[in-house]
Amino acid sequence: MAFSERPPRAAGKLQPTLTYGVGGNIPVFDVYFNAGNSCLNVPPADKVQYDATVDCTKEEHRAEVFMEYKTGMRNGDKDKNIPPAGYPADEALNRYAESSCAMFYNSNEVLKSGKTMNVMAVIPSKEAWDSEKSPQRSIYCIAWPADNSTMTGSIVPDEPS
């Protein structure tokens, strides 16, 4: 779809950030991000587990993971005596995640249907971040209709940006 053919834009309504992983709001968030293929049957919510996605173009769904941001902060290396980056203090990770997800959602990288959408950042919990076995550093951006209706198709264009 060409830029000039995009439907009217509807703003995203930023929702409070949730954490994922051990000790987080979402205990299991095992979602592999793949643009256009990372849709969820249930919008993000406290204590709900996410261990599978559906293909946005083939199944109706209730929410879409529309972007993944890597924080770029080091995991550490015991063999080289390099400590991992500590969990960001003073809500810095929340602010970074919320502004990143809002920026991307409100860009022309995301298709808008004219419907009001909820937008949420999901960040690793401190325990997930500090995990020695598998430290988590990704931020996920999720959108779903404010009226909780189902969605068809993807809000992430399949054309290169």
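1. The model is predicted, so local features need pLDDT of at least 70 and side-chain atom pairs count only at pLDDT 80 or more, while totals for chains, interfaces and linings use all residues. Residues are numbered from 1 along each chain as its sequence is written, and side-chain values use heavy atoms, with hydrogens and water left out.

2. Eight of the eight residues of strand E6 (residues 138-145) are buried, so the strand is largely enclosed by the rest of the structure. Buried means under 20% relative accessible area, exposed over 50% and partly exposed in between, with a 1.4 Å probe and protein chains only; helices (H or I, at least four residues) and strands (E, at least two) are DSSP runs, numbered from the N terminus.

3. Ser138, Tyr140, Ile142 and Trp144 point one way from E6, and Ile139, Cys141, Ala143 and Pro145 point the other way.

4. Strands pair if DSSP finds at least two bridges between them. E4 (residues 63-70) runs antiparallel to E6 and is joined to it by six bridges, with lysine 70 as the bridge partner of serine 138. E5 (residues 117-124) also pairs with E6 in the antiparallel sense over six bridges, and alanine 121 stands opposite cysteine 141.

5. Taking a disulfide as a pair of cysteine sulfur atoms within 2.5 Å, the count comes to two. Cysteine 101 is joined to cysteine 141 at an S to S distance of 2.0 Å. Cysteine 101 lies in helix H1 (residues 92-105) and cysteine 141 in strand E6, so this pair ties together parts that are 40 residues apart in sequence.

6. A disulfide also joins cysteine 39 to cysteine 56, with S to S 1.9 Å, and both cysteines are buried.
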